[in-house]
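Dear colleague,

Please find below the structure that I am handing over to you, followed by an account of what was found in it. I would be grateful if you read the two side by side.

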Amino acid sequence: MVPMVPKQKFAFQCKRCGACCRHVRESVPLESLDIYRIAKYLKKKGQVSDIEGVLQQFTVPVLLNACGYIVFTLKVTGPEDSCIFLQDGRCSIHEVNPRACRTYPIEINPGGLEPLLCVDYPHHFTGPQRTVDRWVKKYFTKEDQVFLQCEVEVVLRIAKLLKQIPENEKVHALPLFLYYKYTAFDLDRPFMEQYRENNGRLLTVLEKMIGK
Ligand code: SF4
């Protein structure tokens, strides 16, 4: 990963080789917003009926922190650990692919640090000159920006509360965490308003569990 500044240029052209979608075991993170978008898309196509269906069929839970903070990554298949959505060398959910895929080869740093350029596949770096800030503007949507700003603010608060949950309450806290963080979304309602409501409810319930 190479740190970049907004006006910096890089030569890049997607070669449709699928290289960045292979060998991705536990390495493509899915945020709540990604999961919501994918669920909505696959539901329309009749492939899932809800968010739980996406989580069960296409993701792997990963324990991010011993406190019980769980994140999801895309499932992989085959000898090359290919992303489960890679079909015939193409992304089968291209319209709603996760933020991490959409902004490739630029990685956006949630903490407001400079963007990073992923240089794992040198053969991708030929073709038209791109400018970092234009690339980010094109692929990092307004909704992504609003979501990520809220996420940065709330993640540490949730992790801190999870750490303080008494051992005998953990069995109740973790399902609530998963519910509010990932699945308590009505796919017919806009994401952000539900995300804010869910965060508020999760924080309240965790605070109650630690007696705040
Ligand atoms: S979601 Fe699509 S773009 Fe992202 S790794 Fe999977 S196949 Fe590739």
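Leaving aside its neighbours within four places in sequence, which residues is Ile158 in contact with? They are Tyr69, Phe177, Asn199, Leu202, Leu203 and Leu206. Please bear in mind throughout that this is a predicted model.

The nonpolar core

Ile158 belongs to the largest nonpolar core, a set of 62 residues. Together with Phe10, Leu42, Phe85 and Leu206, Ile158 is among the residues with the most contacts inside that core. At least two residues of the core come from each of H1, helix H2 (51–58), strand S5 (69–74), helix H4 (132–139), H5, H6 and H7. H5 gives the most, with eight residues.

Helix H7

Helix H7 spans residues 191–209, 19 residues in total. The distance from its first C-alpha to its last is 27 Å, close to the 27 Å expected at 1.5 Å a residue. The buried residues of H7 are Phe191, Met192, Gln194, Tyr195, Asn198, Asn199, Leu202, Leu203, Leu206 and Met209. Because they cover an arc of only 165° around the axis, they lie on the same side of H7. The cover over these buried residues includes helix H1 (32–44), helix H5 (142–164) and helix H6 (167–183).

Asn199 is found in H7 and counts as buried, at 9% relative accessibility. Leaving aside its neighbours within four places in sequence, Asn199 is in contact with Val154 and Ile158. Just after H7, Gly211 takes a positive phi of about 80°.

Salt bridges

How many salt bridges does the structure hold? There are 11, and three of them are described here.

In one of them, Glu143 pairs with Arg37, the closest N and O atoms being 3.1 Å apart. Glu143 lies in helix H5 and Arg37 in helix H1, so this pair ties together parts that are 106 residues apart in sequence. Glu143 is partly exposed, with a relative accessible area of 32%, whereas Arg37 counts as buried at 15% relative accessibility, because the limit for buried is under 20%.

The side chains of Arg102 and Asp144 also meet in a salt bridge, at 2.6 Å from N to O. Arg102 lies in helix H3 (residues 99–102) and Asp144 in helix H5, so the parts joined here are 42 residues apart in sequence. Arg102 and Asp144 are both buried. Through salt bridges that share partners, Arg37, Arg102, Glu143 and Asp144 are joined into one network.

A further salt bridge links Glu80 and Arg22, whose closest N and O atoms are 3.4 Å apart. Glu80 lies in the loop between strand S6 (76–77) and strand S7 (82–83), and Arg22 in the loop between strand S2 (9–11) and strand S3 (29–30), so the pair ties together parts that are 58 residues apart in sequence. Glu80 counts as partly exposed at 38% relative accessibility, and Arg22 counts as partly exposed at 21%.

Strands and sheets

Strand S4 (residues 59–65) and S5 run antiparallel and are joined by six bridges. Asn65 stands opposite Tyr69 in S5; Tyr69 is also one of the contacts of Ile158 given above. The hairpin of S4 and S5 has three residues between the strands, and in this hairpin Gly68 takes a positive phi near 110°.

Elsewhere, three strands form an open sheet in the order S1-S11-S10, with antiparallel pairing. Why is one side of strand S1 (2–3) and of strand S10 (106–107) left without a neighbour in the sheet? Both stand at the edges, each with a single partner strand, so one side of each has no neighbour there. S1 pairs with strand S11 (residues 116–117) in the antiparallel sense over two bridges, and Val2 stands opposite Leu117 in S11.

With kind regards

Terms used. Residues are numbered from 1 along each chain as its sequence is written. This is a predicted model: local features need pLDDT of at least 70, side-chain atom pairs count only at pLDDT 80 or more; totals for chains, interfaces and linings use all residues. Side-chain values use heavy atoms; hydrogens and water are left out. Helices (H or I, at least four residues) and strands (E, at least two) are DSSP runs, numbered from the N terminus. The expected span of a helix is 1.5 Å times one less than its number of residues. Buried means under 20% relative accessible area, exposed over 50%, partly exposed in between (1.4 Å probe, protein chains only). The arc is that of the directions from the helix axis to the C-beta atoms. Contact means heavy atoms within 4.5 Å. Two strands pair if DSSP finds at least two bridges between them. A nonpolar core is a set of buried Ala, Val, Leu, Ile, Met, Phe, Trp, Tyr and Cys residues joined through side-chain atoms within 4.5 Å. A salt bridge is a side-chain nitrogen of Lys or Arg within 4 Å of a carboxyl oxygen of Asp or Glu.
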